[in-house]
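Hi there,

Here is the structure I promised to pass along.

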Amino acid sequence: MVRHTKWLRRWSLVATGAAVALSLAACGSDSSDDSSSGGGGGSKTLVVENSFDLTTADPGQVYEITGGMIAHAMYEPLLGFDGGDLSTPVPVIAKSYELSEDGKTLTLPLRDDVTFSDGTKLTSADVVFSFNRVKNLKGNPSFLLDGVTPSAPDENTVVLTSDKANPGLPYILSNPALGIENSKVVKEHGGTDAADADTTDKAGEWLNANSAGSGPYVLKSFSTTSEVSLEANGDYWGDAPTYSKVVVRNVTADVQKLDVQKGQAQLVLDLAPAQAEGLPSSVEVHSDPTSNTFFLFSNDNPAISETTSNQDFQDALRYGLDYDSLVELAGEGSVRSPGIIPTLFVGALDPSDALATDVDKAKASLAASGYDGEKVELEYPSDLTKNGVSFGTVAQRIQAQLKEIGIDVELVPSPIATSLPNYRDGKEQLGLWLWGADYPDPSDYLAFLPGQTVGLRAGWAAGADPALEALGEQAATTVDNDARGQLYQQIQQQMNVEGPFMPLFQTAQVAVTTSSLSGFEYNPVWTVDFASLK
């Protein structure tokens, strides 16, 4: 058995520290809205502004960024993370967790003091119901539990059995879609975890107007287009949050910038790095790397392009790009991607492993490839920006850099409705895209290997690199965290030498807070924990 119980002690220490901080904050409170009410530790309102990508408040269906942030406030997971540290899951509702040596059985004893917002005790039956409901609704997050069967040997124990070794499961459990629902309440309002839940579950509408979780907040009002309002859970089993009410508004980035300077919002989340420049000292700018990795690929399928599938041509790209210049373009807080796995995750490469620009080497490789100056198409989505970074701007700089070593790149922008199918069908000669992690574990990046989802999009067929593929299979089934971290590093080091992918940079999440707000810490899984703000 691989035991992970030491983090229970760590979580307890964190909770104690939070309680002390809360007491101090209450003494110096500068309430922004004394008229609000709720069961929290005061009568303060927190106003957060975000550009909504919101579709539902049903935790069994939620998968977008805004929805995940809101669900995280109402529904608690078995395991989470300590602030923005994604290196090790820590217990939340679970007291500890233990993964079997074969990686197939995860055992989680539960805390016995957790209650839902209606006062009902949370038990293992609620966990089994919640997980089966997520699976059987067949919504966007259902894949998180593919091959996983939950069971409850007793009221305070949950066992998750996987069809195959699943060492990434403790990391997956932090996803807001896997927050635990009050099964009795959800059933009363038409919810079901039956195999046909995708057609028979009727709780979604009710969950878009109410909540049934154990988190520090409950839902008061919900709109996918304008505003979501949360109120402190008066019966919360943990420490009461500082803010008794949270209002999340759907506002464009330009308006967010004005509002935070005027004090009309205490936290705004969508400014681009360039927009955050020159803000007055009355606000604080937080800039943290995300798990969104921009990458360039050179299609490895000769049927798509004899040129881009040539190994020497790929080496010319690899060494001809000016990576530092691209990171600079992405803005303050963005970081270089030494490998395809983000720097925040287990298995990330050391910065010293990053590809280095070597123009002479690039030109020599290009000469060896037999390239004779023909145009090579670079496709990308023309209507998509991520964290303020435009694909078009990045593509133009890549075009200019490659021109310096002698490659004639033709830019082929198109709306994402057109470019995405072309990319997914593996038809692009050169492609500029990004990968945002589905969950914070390196196993999510096995998709880049030959024969896998993203590998095939780059024309990298199964059997193209048997040694690398075997390494991937070994990493997927290795349980020990240190050992699998080393395996994922080996995979990326090898990909940096011979793969069709060139990792470029991770974008930055820029958040701006007023001086009255403290405790902000960005987490790529749920963005921000409202209850930790002071």
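In strand 8, Leu160 is the bridge partner of Leu106. Strands here are DSSP runs of E with at least two residues, helices are runs of H or I with at least four residues, and both are numbered from the N terminus. This is a predicted model, where local features need pLDDT of at least 70, side-chain atom pairs count only at pLDDT 80 or more, and totals for chains, interfaces and linings use all residues. Residues are numbered from 1 along each chain as its sequence is written, and side-chain values use heavy atoms, with hydrogens and water left out.

Back to strand 8: Leu160 is also the bridge partner of Pro150. The two contacts belong to two pairings (two strands pair if DSSP finds at least two bridges between them). Strand 6 (residues 105–109) runs antiparallel to strand 8 over 5 bridges, and strand 7 (residues 148–154) pairs with strand 8 in the antiparallel sense, also over 5 bridges. A hairpin of 2 residues links strand 7 to strand 8.

Is strand 8 mostly covered or uncovered? Of the 6 residues in strand 8 (residues 157–162), 5 are buried, meaning under 20% relative accessible area, with exposed being over 50% and partly exposed in between (1.4 Å probe, protein chains only).

Strand 13 pairs with strand 20 (residues 501–514) in the antiparallel sense over 12 bridges, and Val285 stands opposite Val512 in strand 20. Strand 13 is also joined by 7 bridges to strand 19 (residues 430–436), again antiparallel; there, Leu296 has Leu432 as its bridge partner.

Now for the whole protein chain. DSSP gives 16 helices and 20 strands, and 54% of the 534 residues are buried. The radius of gyration is 24 Å, which agrees with the value near 24 Å for a compact globule of 534 residues; this is taken over C-alpha atoms, and the globule rule is 2.2 Å times the number of residues to the power 0.38. The C-alpha trace spans about 70 × 55 × 40 Å along its principal axes.

Of the contacts (heavy atoms within 4.5 Å) between residues at least 6 apart in sequence, 71% join residues at least 24 apart.
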